[in-house]
Structures are given as C-alpha cells and as structure tokens.
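Dear colleague,

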Amino acid sequence: MESTSSNSGNLDAGSARAALAAVAASRAEAATRVAAPWWYHAGLGITLALVFLSMSLRMASWGVPVLIGVVVALGWAVRRATGVSLERYTATPGATLLFGLYALTFIVLAVTGMILEWGAGVHWALAGAGVVIGALTIVVGYRADAATRRDIRAGR
C-alpha cells in the first residue's frame, strides 16, 4: 500500500530531532518540578500521627476534622509551591507500586492499633501505630517523589 499523506509542513529529520529534544527537555523540567518540598512530607506524616493520637486520647470527634483540613491545605500548598498538579502517589508506575505497599502497611498498622487499644485495652496502641504510620508516610513520600521523577525522565 502506498501512503497518501503528504509532508505539507516540510518536516525533515532535523526538525523531528529538534521536536524530540524539546519533548525531552520538557520531561526533564517536569521531573525536577514534580518533587514536593520537605514540609509537605513532614506535614503529612505529622498530621497522620496526630490523627491516631487524637483517637488514643478519645478526642477524634474534633481532632480528625481539623487534621483533615490540614491535609487538604497541604495539598493545595504543594500544588502552589511546585506548579505541578498530579496524583502524587499514583502518577507513575513506580509511585503506584510504592503507594500500594504503603496502603497495605497502613491498613495493617491501623487495624492492629485499633484491635489492641479498643479490643484488648492496650493504652496508647493507636498512638504508637500513628507514630509508625507518620514515619512511614514521610519515607514513602520521598521515595514516591524519587520514583515519579525517575519514571517521568524515562517517559513512563
């Protein structure tokens, strides 16, 4: 079969290479801008730890709504600071895998803390689970940023 397309834009190999170089440069720029500032990960981890602490202290009825507001504000602030709006933990395959493992660990820790504190009467079990979840959130946040940058540079 013959191709019926015409090269109406007078494109040649040089202009195609230039266009691909521009795409690569844009990808590299996006990869540098996508990483969240340090305060985002720290704020998210500390906020989650405080949510679990408020449950241990039996103050979740007012603590959790306030802390959910903090999480929303952090999301808004990181979009403003980076100039990039994306689903931070599911934007690329590498970040999605990390987030899946994180979510599973989060659920296991939260349920274990709830069973220990509310079922077995172990005081501060939820707060302890929250500290671990908060630290894990910070570590996974940095790792997810690194995975996202790597995947964007690779074109995934």
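The notes below concern a helix pair and a group of aromatic rings.

Please bear in mind that the model is predicted.

Helix packing

Helix α2 spans residues 38-56 and helix α4 spans residues 93-119. Their axes lie 11 Å apart and form an angle of about 20°. Since angles under 35 degrees count as roughly parallel, α2 and α4 are therefore roughly parallel to each other. The crossing of the two helices is right-handed.

On the α2 side, the contact involves Leu48, Phe52, Met55 and Ser56. These meet Tyr102, Phe106, Ala110, Glu117 and Trp118 of α4. By class, the residues of this contact comprise seven nonpolar, one polar and one charged.

Aromatic rings

The structure contains four aromatic pairs. In one of them, the ring centres of Phe99 and Tyr102 are 6.1 Å apart and the ring planes stand at 40°, so this pair is classed as tilted. Phe99 and Tyr102 are three residues apart in helix α4, and about one helical turn therefore separates them.

The two residues may also be described by their accessibility. Phe99 has a relative accessible area of 31% and is therefore partly exposed, whereas Tyr102, at 11%, counts as buried.

Ring pairs join Phe52, Tyr89, Phe99, Tyr102 and Phe106 into a cluster. Among these, Phe52, Tyr102 and Phe106 also take part in the contact of α2 with α4.

Yours sincerely

How values were computed. Residues numbered from 1 in each chain as written. Predicted model: local features only at pLDDT ≥ 70, side-chain atom pairs only at ≥ 80, totals over all residues. Heavy atoms only, no water. Axes fitted to C-alpha atoms, helices over the stretch in contact; angles between N-to-C directions. Helix = DSSP H or I, 4+ residues; strand = E, 2+ residues; numbered from the N terminus. Parallel < 35°, antiparallel > 145°, perpendicular 65-115°, else oblique. Left-handed = near helix turned anticlockwise from the far one by under 90°. Contact = heavy atoms within 4.5 Å. Nonpolar A, V, L, I, M, F, W, Y, C, P; charged D, E, K, R; others polar. Phe/Tyr/Trp six-rings, centres within 6.5 Å; stacked < 30°, edge-to-face > 60°. Buried < 20%, exposed > 50% of the residue type's maximum accessible area, 1.4 Å probe, protein only.
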